[in-house]
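Okay everyone, thanks for coming. Let me put the structure up, and then I'll walk you through a few spots in it.

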Amino acid sequence: RAEAIVWTSPGEPERLAALLEPRHRWVALVIAGVERWLASGVVDDTRTWTCARGVYADGVAEHALALVLAAARRLPEHARGRAWRRLESERLPGATVTIIGAGAIGRRLGELLALLGARLVAVTRRGEPVPGFERTYPSSALMDALPGTRYLVLTAALTAETRGIVGADVLDALGPDAVLVNVARGELVDTGALVERLRDGRLRGAFLDVTDPEPLPEGHPLWRLPGVLVTPHLANPNAGNPWDSHLPELLDHLAANVRAFAEGRPLAGAIDLRAGY
């Protein structure tokens, strides 16, 4: 008799599709990134679908901050060093950090960076002002947001609009003193263009928790380039299930939505089929 399903697997859309009945008016997914679910075709407009948008923001923002700090202090080069040498490093006060995708993760990262004195610029789908950010640009004006950027951080959802958003033109606009940080999806970046500019010194570094392809194959150039740090998609720490490190937050999110569903109120984290997230 259930009218809703909480699907606790991070995957298996075909298995879920086999269970769906017309009476199911709401399906709750426990993941935040839903591009693979949308591609599977199981997510439709005959019922409400929600994801755990915002639940994992703290953990991912912490990892993004760690990568920015590692870039500022040149930790990859020092970790690979075999002799005593002093590389030029920097602090964050006054440094401009541009964040593409100022959703829950981007806003939380902005709060952490603001405590360290960074200057914040946001790039969002529509360009509406984001509290705590000095400037906000729509994604259509991304190039206008890049001058002066020291760290470009990607926290955007992967959609048809954002796939490959960081290509050769964006990397060239950043210049040789800038660093790319990606904790979103590897497909947001043109990997070939990134490798070329790192090799040529046209970009100072890349700090990546996600890559394209993923997993990053052994022997890939990104493993060897000196200004690069790769972590294996662990910005949200877990032991196989995405909710392992955020179970209290996920339970609060689901409980609030169950109450809202029972009372006929709007549900948090509703998936927008047109927007792709």
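Let's start in helix 5, where Glu111 and Arg108 both sit, three residues apart, or about one turn of the helix. Helices here are DSSP runs of H or I with at least four residues, strands are E runs of at least two, and both are numbered from the N terminus. Glu111 and Arg108 form a salt bridge, with the closest N and O atoms 2.8 Å apart. By salt bridge I mean a side-chain nitrogen of Lys or Arg within 4 Å of a carboxyl oxygen of Asp or Glu.

Before I go on, a word on what you're looking at: this is a predicted model, where local features need pLDDT of at least 70 and side-chain atom pairs count only at pLDDT 80 or more, while totals for chains, interfaces and linings use all residues. Residues are numbered from 1 along each chain as its sequence is written, and side-chain values use heavy atoms, with hydrogens and water left out.

Back to that pair. Glu111 is partly exposed at 46% relative accessible area, and Arg108 is partly exposed too, at 29%. The cut-offs: buried is under 20% relative accessible area, exposed is over 50%, and partly exposed is in between, using a 1.4 Å probe and protein chains only.

How many salt bridges does a search of the whole structure find? It finds 17. One of them joins the side chains of Arg185 and Glu35, at 2.4 Å from N to O. Arg185 is in the loop between strand 8 (179-182) and helix 8 (191-200), and Glu35 is in helix 2 (residues 35-40), so this pair ties together parts 150 residues apart in sequence. Arg185 counts as buried at 16%, and Glu35 is buried at 13%.

Then there's Arg197 with Asp172, where the closest N and O atoms are 2.6 Å apart. Arg197 lies in helix 8 and Asp172 in helix 7 (residues 168-174), so here the parts tied together are 25 residues apart in sequence. Arg197 is buried, at 7%, whereas Asp172 is partly exposed, at 40%. And this one belongs to a network: salt bridges with shared partners join Asp172, Glu196, Arg197, Asp200 and Arg202.

Three strands make an open sheet, in the order 1-2-3, with parallel pairing. To call two strands paired, DSSP has to find at least two bridges between them. Strand 1 (4-7) and strand 3 (48-50) are the edges, each pairing on one side only. Strand 1 pairs with strand 2 (residues 26-29) over four bridges, and Ala4 stands opposite Trp26 of strand 2. What packs on this sheet? That's helix 9 (residues 247-263), touching strand 1, strand 2 and strand 3, where contact means heavy atoms within 4.5 Å.

Most residues other than glycine have a negative phi, and most peptide bonds are trans. Now look at the loop between strand 9 (205-208) and strand 10 (228-230), which holds Pro213 and also Pro215. The bond from Asp212 to Pro213 is cis, with omega near 10°, and the one from Glu214 to Pro215 is cis with omega near 0°.

For positive phi, there's Glu12, near 60°, in the loop between strand 1 and helix 1 (13-19). Arg74 has a positive phi of about 60° as well, and lies in the loop between helix 3 (57-72) and helix 4 (75-80). Glu12 is partly exposed at 39%, but Arg74 is buried at 17%.

Notes. Axes are lines fitted to C-alpha atoms, for helices over the stretch in contact, and angles run from 0 to 180 degrees between N-to-C directions.
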